[in-house]
Amino acid sequence: PPPSPPPPPTRDFCGYAPAICDGTYTTTTLNISNLGLSGSIPKQLGSFALTRIELDGNDFEYPGDTASLDGLKAALQRCRSGEATCSGVPPTSCKAFAGVWEVNI
């Protein structure tokens, strides 16, 4: 019989950027724009000193737990303070998210 086709690509954040989720990410930029990723943004995102965060054009969900929300807030604070150039996320845009949501940072 012919070999089985490969599994479809993972369409969630950690499947696409596992180094963020396992804490081994070593660069200062993250560009995962327009990949159609879904699911949640991992809490670990706030642990990195990123200077560029590009998440627009995806379908992420509002964080459902306190740790993930805190991680997102930490990353967004870098955007808000000017420490990072950001796209798709507040304070300039919400294009990384599927629904309407609010984060107070």
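This short talk walks through the disulfides, the aromatic pairs and one serine of the structure shown above. Please keep in mind throughout that we are looking at a predicted model.

Let me begin with the disulfides. As a reminder, a disulfide is a covalent bond between the sulfur atoms of two cysteines. How many disulfides does the protein have? The count comes to 2, and, if we number the bonded cysteines along the chain, they follow the pattern 1-2, 3-4.

Now to the aromatic rings. A pair of aromatic rings is described by the distance of the centres and the angle of the planes. Searching the whole structure gives 2 aromatic pairs. In one of them, Phe-13 and Phe-60 have their ring centres 5.8 Å apart and their planes at 50 degrees, which makes the pair tilted. Phe-13 belongs to helix 1, residues 13-16, while Phe-60 belongs to strand 4, residues 59-61, so this pair ties together parts that lie 47 residues apart in sequence. Are these two residues buried or exposed? Both Phe-13 and Phe-60 are buried.

In the other pair, the ring centres of Tyr-25 and Phe-48 are 5.9 Å apart and the planes stand at 80 degrees, so we call the pair edge-to-face. Tyr-25 sits in the loop between helix 2 and strand 1, and Phe-48 sits in the loop between strand 2 and strand 3, so parts 23 residues apart in sequence are tied together. Phe-48 is buried, with a relative accessible area of 13%.

Finally, let us turn to the serine. Where is Ser-33 found? Ser-33 is in the loop between strand 1 (29-31) and strand 2 (38-40), and at 15% relative accessibility it counts as buried. The side chain of Ser-33 makes a polar contact of 2.6 Å with the side chain of Asp-56. If we leave aside neighbours within four places in sequence, Ser-33 is in contact with several residues, among them Glu-54, Leu-55 and Ser-87.

Key
Residues are numbered from 1 along each chain as its sequence is written. This is a predicted model: local features need pLDDT of at least 70, side-chain atom pairs count only at pLDDT 80 or more; totals for chains, interfaces and linings use all residues. Side-chain values use heavy atoms; hydrogens and water are left out. Helices (H or I, at least four residues) and strands (E, at least two) are DSSP runs, numbered from the N terminus. Buried means under 20% relative accessible area, exposed over 50%, partly exposed in between (1.4 Å probe, protein chains only). A polar contact is a pair of N or O atoms within 3.5 Å; within protein, one must be able to donate a hydrogen and the other to accept it, and residues adjacent in sequence count only if both atoms are side-chain atoms. Contact means heavy atoms within 4.5 Å. A disulfide is a pair of cysteine sulfur atoms within 2.5 Å. Rings of Phe, Tyr and Trp (its six-membered ring) pair if their centres lie within 6.5 Å; planes under 30 degrees apart count as stacked, over 60 as edge-to-face and the rest as tilted.
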